[in-house]
Amino acid sequence: MKWLLIIAILFGAPYAARAAEESLGTKIKKVFEPSPTPTRKHRKKKPTPTPSPETSPKRKKASPSPSPTATPKSKSKRKRTTPTPTPEPEESPSATPAQTPAQGKKGWPNVSLSPDQISGYETYPPKVRQILDAGLALTKQNLGYTYGSADPANGGMDCSGFIYYVLKQNGFPDVPRDSSQQYVWVRKAGNFYAVLSRKEDSFEFDDLKPGDLLFWRGTYNIDRDPPITHTMIYLGREKRTNKRVMIGSSDGRTYDGKQRWGVSVFDFKMPPPPKSGDAKISPVFVGYGRIPGLPAQ
């Protein structure tokens, strides 16, 4: 038995060593064999990353979404802001806003004079009396100052609209509509007298006669050539005060020291020296002239 055991031990040891060697070999193979496979698998997964396509569409979705929303808002804001200045600016131009507020102003009542309240009215030429009678009749209708109107049916008229209406109704078909062109109309006829002085007793008024058209510049700021902005008709001298008076439509000129808005009789006096360095907004009396086509007096 001892010998059998010894033989078994001697023959079993190499088999056990071989088995151990085989087991170690297999383990080593297992260690080396699986390593390439997972690395290859991981490498395949890494080059095809799923997040890259996910992030790109997200960015694409994010980029278009703000752009359309921002553009309509900016357009809508622009549409809201653009119409507001157009009526202003539009209101064409700077003349209308300066004049239209006078429509709502209320001063002293308009004034009318009868022919017997004007010195020497009965001696005026018939055509001059006809024109002045038509103008004085309008002063009794309680008409306001309405910029752009030349018709008493509108409830008021502006200064050149008054001249246009009165002369048109009394046989002067060629009278222009605005004060600047009325000035040109008189100048072309050759019956204009320029006034440089600011004194009411200046010799430059020696030729002033009832029925003459009176012209100013600088009563409001407007870009026109010639720069005439206001006109009226000379009435003569009032008996009560012996002061020169005129007739027309105004947005704040005075009669007897009180402001009137509308069609009325007004004091004819020289404006004070300008208080501003901008001559465009300082009223200046330019001169007077005969109505073209009026019969010689």
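The model is a predicted one, in which local features need pLDDT of at least 70 and side-chain atom pairs count only at pLDDT 80 or more, while totals for chains, interfaces and linings use all residues. Residues are numbered from 1 along each chain as its sequence is written, and side-chain values use heavy atoms, with hydrogens and water left out.

The protein chain contains 8 helices and 8 strands (DSSP runs numbered from the N terminus, with H or I over at least four residues for helices and E over at least two for strands). Of its 297 residues, 34% count as buried, where buried means under 20% relative accessible area, exposed over 50% and partly exposed in between, with a 1.4 Å probe and protein chains only. The accessible surface of the chain is about 18,400 Å², and carbon and sulfur atoms account for 58% of it; areas come from the Shrake-Rupley method with a 1.4 Å probe, and for residues only the protein chains shown count as cover. Among contacts (heavy atoms within 4.5 Å) between residues at least 6 apart in sequence, 59% join residues at least 24 apart.

A search of the whole structure gives 12 aromatic pairs. Rings of Phe, Tyr and Trp (its six-membered ring) pair if their centres lie within 6.5 Å; planes under 30 degrees apart count as stacked, over 60 as edge-to-face and the rest as tilted. Tyrosine 121 and tyrosine 124 form a tilted pair, with 5.0 Å between centres and 50° between planes, and both tyrosine 121 and tyrosine 124 are buried. The pair of phenylalanine 205 and phenylalanine 285 is stacked, because the ring centres are 6.0 Å apart and the planes lie at 25°. Phenylalanine 205 is in the loop between β3 (192–194) and β4 (213–217) and phenylalanine 285 is in strand β8 (residues 284–289), so this pair ties together parts that are 80 residues apart in sequence. Phenylalanine 205 and phenylalanine 285 are both buried. Ring pairs also link these two residues with Tyr193, Trp216, Tyr234, Phe268 and Tyr288 in a cluster.

Charged side chains lie over two tryptophan rings. A charge sits over a ring if NZ of Lys or CZ of Arg is within 6 Å of the ring centre and within 35 degrees of the ring normal. The charged end of arginine 253 is over tryptophan 216, 4.5 Å from the ring centre, and lysine 258 lies over the face of tryptophan 108 at 5.0 Å from the centre.

Serine 250 belongs to strand β6 (residues 244–255) and counts as buried because its relative accessibility is 1%. A polar atom of the serine 250 side chain lies 3.4 Å from the backbone nitrogen of glycine 252, and one lies 3.0 Å from the backbone nitrogen of arginine 253. Apart from neighbours within four places in sequence, serine 250 is in contact with Tyr145, Met232, Arg260, Trp261, Gly262 and Phe266.

In helix α8 (residues 179–189), the buried residues include Ser179, Tyr183 and Trp185. The buried residues of α8 pack against α7 (159–168), β3, β4, β5 and β8. At the start of α8, a side-chain oxygen of aspartate 178 comes within 3.0 Å of the backbone nitrogen of serine 180. Glycine 190 follows α8 and has a positive phi, near 80°.

How values were computed. Polar contact = N/O pair within 3.5 Å; in protein donor to acceptor, adjacent residues only side chain to side chain.
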